[in-house]
Amino acid sequence: MTPEILLVDDDPSICEVITEVLDILGVHVTVTPSGKEGIAALNAGLRPAVILLDMMMPETDGIWFCREMAKNPKIRDIPVIILSACDKLESVASGLPISGILRKPIGIDDLLSTVQPYLKAAS
Amino acid sequence: MYDLDDEPVNILLVDDRPENLIALSAILDAPGYRLVTASSGMDALRHLLQEDFAVILLDVQMPIMNGFDTARLIKQRERSRAVPIIFVTAVSTDTSFLFRGYEVGAVDYIVKPFDPSMLRSKVSVFVDLHRKALQIQRQELALREREVARVELEALRERRALDAKYRDLVEGIRDGVVWVADPETEEFLLVSSPAERLFGSSSTDGPFVRQMRGDKAFQEARTGALARFREGAEGPHEFQFEQWLRQADGRKVCLHTEMRLTEGPKPSVLELHGLSVDVTRIKVAEEEARKAVGVRDEFLSIASHELRTPLTPLRLKLELMHRLASSKAATPANCEKMGVSIEKCLAQVDRLTRLTNELMDVSRISGGKLLLSRERVDLSGLVRDVCGRLAPEVAQAGCDLNLALSTAVLGDWDRIRVEQVVTNLITNGVKYGAGKPIDIIVDTLEDAAILTVKDHGIGIKTEDQARIFRLYERAVSPMNYGGLGLGLYIVRQIVEAHGGTIAVKSSPGEGASFTVVLPQEVAAAAPREHAV
């Protein structure tokens with residue numbers, strides 16, 4: 001089965017290039033441009049190895065996404081990695097059930113080494 | 001004037017024989033003389049203890065204590081040492097007897113039986129001397145009293161001058177109230193006149209004093225100062241505190257008070273001396289500066305986020321290209337892939353350039369260096385060009401642009417700056433338009449061009465509508481929407497530099513409509529080279 005990653009980010013240029021990079025690992029990337037659509041995909045049965053989540057998005061941002069995930073026992077344990085350029089990320093993300101942080105601008109090696117353990121665990 | 005001659009002088013007559021005393025009294029009896037008789041040396045000394053005498057007529061031959069012994073004792077006493085003594089004797093007039101008399105302090109001799117006129121004459125000389133001495137003594141006393149009075153008057157004048165100087169100094173402090181209070185009773189003894197300006201009254205029981213008494217900081221300082229003083233702690237017992245009191249017109253005033261517990265005019269009486277300075281303007285400026293620093297810090301945080309965001313795709317694309325180049329697989333497919341990647345990188349570079357240009361524009365506007373280079377411009381054509389350039393971005397957001405452009409809306413404008421206005425308003429509409437259509441209308445009204453950009457997105461609350469045109473201000477959380485918060489500020493500055501106006505109409509959830517009015521001719525607007 002092809003491993004799967006959910007990428008929640010409203011910036012199309014970032015989504016495109018991350019998809020291209022993860023293609024190196026043969027990973028299938030599902031992209032949703034908002035937290036609301038990301039939760040909808042999970043509720044519809046998507047079970048990614050890891051979720052890459054942007055914090056700053058219109059209306060339904062990363063914090064909203066994490067809180068919604070926590071409400072649903074079927075999806076609450078899926079690991080979440082935050083992607084952000086925010087310099088106050090620690091205070092913004094404190095208390096959220098997240099597995100890691102990737103600080104923008106991200107490099108290929110950082111991205112791959114961060115997601116690989118989750119992909120292995122899922123396979 | 002009081003005459004010393006009217007004042008009786010005391011004359012002491014000392015003889016153990018009453019008939020002699022009677023005889024002496026009879027001879028010397030005269031107005032102005034008060035004759036005091038003593039029948040022995042001891043009796044004479046008793047009188048001398050009680051009164052002062054102008055002259056003493058002293059009998060030499062007396063039982064128990066003769067005249068010489070009596071004279072010696074009289075001369076030993078400070079008070080009676082200077083009183084002249086005339087010995088009265090019937091015994092001898094030989095030289096050794098006379099010398100003995102002079103040795104013990106006699107000034108003269110008179111031998112019995114004496115000539116009455118000579119006796120009166122001699123006594124009269126000493127009475128005159130006594131009166132003169134008395135007069136000199138009294139004149140000296142009067143002079144001394146006058147000197148004391150002069151010195152006291154001088155000191156009083158100096159004190160009054162000093163008081164006036166301090167009063168001038170105290171009243172000269174226009175931004176502060178000088179006050180003196182009793183620390184025990186909290187009774188205020190002095191309140192300087194600026195209390196009148198600040199609190200409507202400088203009464204020692206007025207609104208300033210009432211608010212002071214009820215102020216927690218004042219009470220803590222007062223009780224603290226008293227406690228320290230009673231514990232015997234070494235002074236100075238000084239306190240500083242700030243307090244917000246209410247002025248006569250209801251506004252609040254911030255006072256910085258410096259207070260000292262000190263001894264008053266009497267050593268045992270304590271006083272509180274205070275100076276309460278109006279620091280409201282400083283406090284307000286501090287608060288504004290604090291807010292400005294907060295806004296600046298938030299802007300720097302947002303700016304760093306916005307500048308970092310395009311770097312992610314740029315870096316990832318460059319790293320991918322680097323891998324592709326290192327793989328030595330220079331196939332036509334890979335070359336094509338790299339070409340596409342380079343285009344994407346350039347797009348991110350453009351994004352970064354736009355952000356840095358915005359920052360540069362703010363810097364230029366702040367420094368008054370935004371110069372307009374006016375030329376003949378067709379606003380409808382310009383809007384059409386900008387829409388064409390933004391088409392990919394608009395399409396990506398899922399929006400449609402509905403254009404209603406009048407033909408040939410011409411004006412003297414700075415083409416690049418007006419393009420910036422149109423670009424910022426449309427990208428703003430795309431960003432907050434929730435993927436719904438954006439209406440763009442260009443028309444004229446009298447001598448002005450009217451540009452309207454209307455979206456149907458999230459809208460702007462009424463209270464935020466003026467704020468969004470200010471530097472660093474935004475109506476939405478930076479957590480939800482990116483951008484530096486500079487776009488509308490720059491738009492307004494450019495429009496106003498052209499002599500135009502910008503306004504917004506909006507309700508939350510019903511979109512926003514921005515209307516720009518640009519005068520078409522320079523004469524109706526600003527000079528050709530306009531510095532903001």
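Buried means under 20% relative accessible area, exposed over 50%, and partly exposed in between (1.4 Å probe, protein chains only). Helices (H or I, at least four residues) and strands (E, at least two) are DSSP runs, numbered from the N terminus.

This is a predicted model: local features need pLDDT of at least 70, side-chain atom pairs count only at pLDDT 80 or more, and totals for chains, interfaces and linings use all residues. Residues are numbered from 1 along each chain as its sequence is written, and side-chain values use heavy atoms, without hydrogens and water.

**Strands in chain B.** Strand β13 of chain B spans residues 410-414, and four of its five residues are buried. Strand β11 (residues 374-378) of chain B runs antiparallel to β13(B), joined by five bridges. Two strands pair if DSSP finds at least two bridges between them. B:Asp378 has B:Leu410 of β13(B) as its bridge partner.

**Cores.** A nonpolar core is a set of buried Ala, Val, Leu, Ile, Met, Phe, Trp, Tyr and Cys residues joined through side-chain atoms within 4.5 Å. The largest has 47 residues; B:Leu379, B:Val383, B:Leu425, B:Leu451 and B:Phe514 touch the most other members. Helix α12 (residues 379-396) of chain B gives the most to this core, seven residues. Another core, of 24 residues, lies apart from it and includes A:Ile18 and A:Ile108.

**Cysteines.** A disulfide is a pair of cysteine sulfur atoms within 2.5 Å. Over all chains, the count is zero disulfides.

| Residue | Relative accessible area |
|---|---|
| B:Cys254 | 1% |
| B:Cys399 | 5% |

How values were computed:
Chains lettered and ligands numbered in written order.
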